[in-house]
Amino acid sequence: MFVADSIADEPNETGNRLQICITTPDVETSTRFFHALLEGGEVVMPLQELYFSAALGIVKDRFGITIQIFTPRNKTKDEAL
């Protein structure tokens, strides 16, 4: 888990000044966390595959806290070197 500050061009609102990022081991876990946090909350960025992440999504939970869900891509043995 890591914490990130808000995006520079976005307005500074309660709940987005500081974001919590939860890193998960696989897409299934990311999907489960994303939907659990979405209960009573709202989607900031849909859970999706990106070039640097197998699954990345952002949710503002029911308490107004912005949470990123991140799944790293599995690196091949050659990429890890």
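Buried means under 20% relative accessible area, exposed means over 50%, and partly exposed lies in between, with a 1.4 Å probe and protein chains only. By that scale Tyr51 is exposed, at a relative accessible area of 73%. The model is predicted, so local features need pLDDT of at least 70 and side-chain atom pairs count only at pLDDT 80 or more, while totals for chains, interfaces and linings use all residues. Residues are numbered from 1 along each chain as its sequence is written, and side-chain values use heavy atoms, with hydrogens and water left out.

**Chain overview**

- The protein chain has two helices and five strands, where helices (H or I, at least four residues) and strands (E, at least two) are DSSP runs numbered from the N terminus.
- Read from the N terminus, the order of elements is β-β-α-β-β-β-α.
- The protein chain has 81 residues, of which 32% count as buried.
- Its accessible surface comes to about 5,600 Å², and 57% of this belongs to carbon and sulfur atoms; the areas come from the Shrake-Rupley method with a 1.4 Å probe, and for residues only the protein chains shown count as cover.
- Among contacts in the protein chain with a separation of 6 or more, 37% are between residues 24 or more positions apart, a contact being heavy atoms within 4.5 Å.

- Phe52 sits in the loop between β3 (42–50) and β4 (53–60).
- With a relative accessible area of 38%, Phe52 is partly exposed.
- Neighbours within four places in sequence aside, Phe52 is in contact with Phe70 and Arg73.
- From Phe52 to Thr71 the C-alpha to C-alpha distance is 8.9 Å, across 19 residues in sequence.

**Aromatic pairs**

- Rings of Phe, Tyr and Trp (its six-membered ring) pair if their centres lie within 6.5 Å; planes under 30 degrees apart count as stacked, over 60 as edge-to-face and the rest as tilted.
- By this rule there are two aromatic pairs.
- Tyr51 and Phe52 are an edge-to-face pair, because their ring centres are 5.0 Å apart and their planes stand at 80°.
- Phe52 and Phe70 form a stacked pair, with 6.4 Å from centre to centre and 20° between the planes.
- This pair links distant parts of the chain, since Phe52 lies in the loop between β3 and β4 and Phe70 in strand β5 (residues 66–72), 18 residues apart.
- Phe70 counts as buried, at 18% relative accessibility.
- One aromatic cluster is formed by Tyr51, Phe52 and Phe70.

**Strand β5 and its partners**

- Six of the seven residues of β5 are buried, so this strand is largely enclosed by the rest of the structure.
- Strand β2 (residues 18–23) pairs with β5 in the parallel sense over five bridges; two strands pair if DSSP finds at least two bridges between them.
- Ile20 has Ile67 as its bridge partner in β5.
- β4 and β5 run antiparallel and are joined by seven bridges.
- Ala55 has Thr71 as its bridge partner in β5.
- The hairpin of β4 and β5 has five residues between the strands, and Gly64 takes a positive phi near 90° there.
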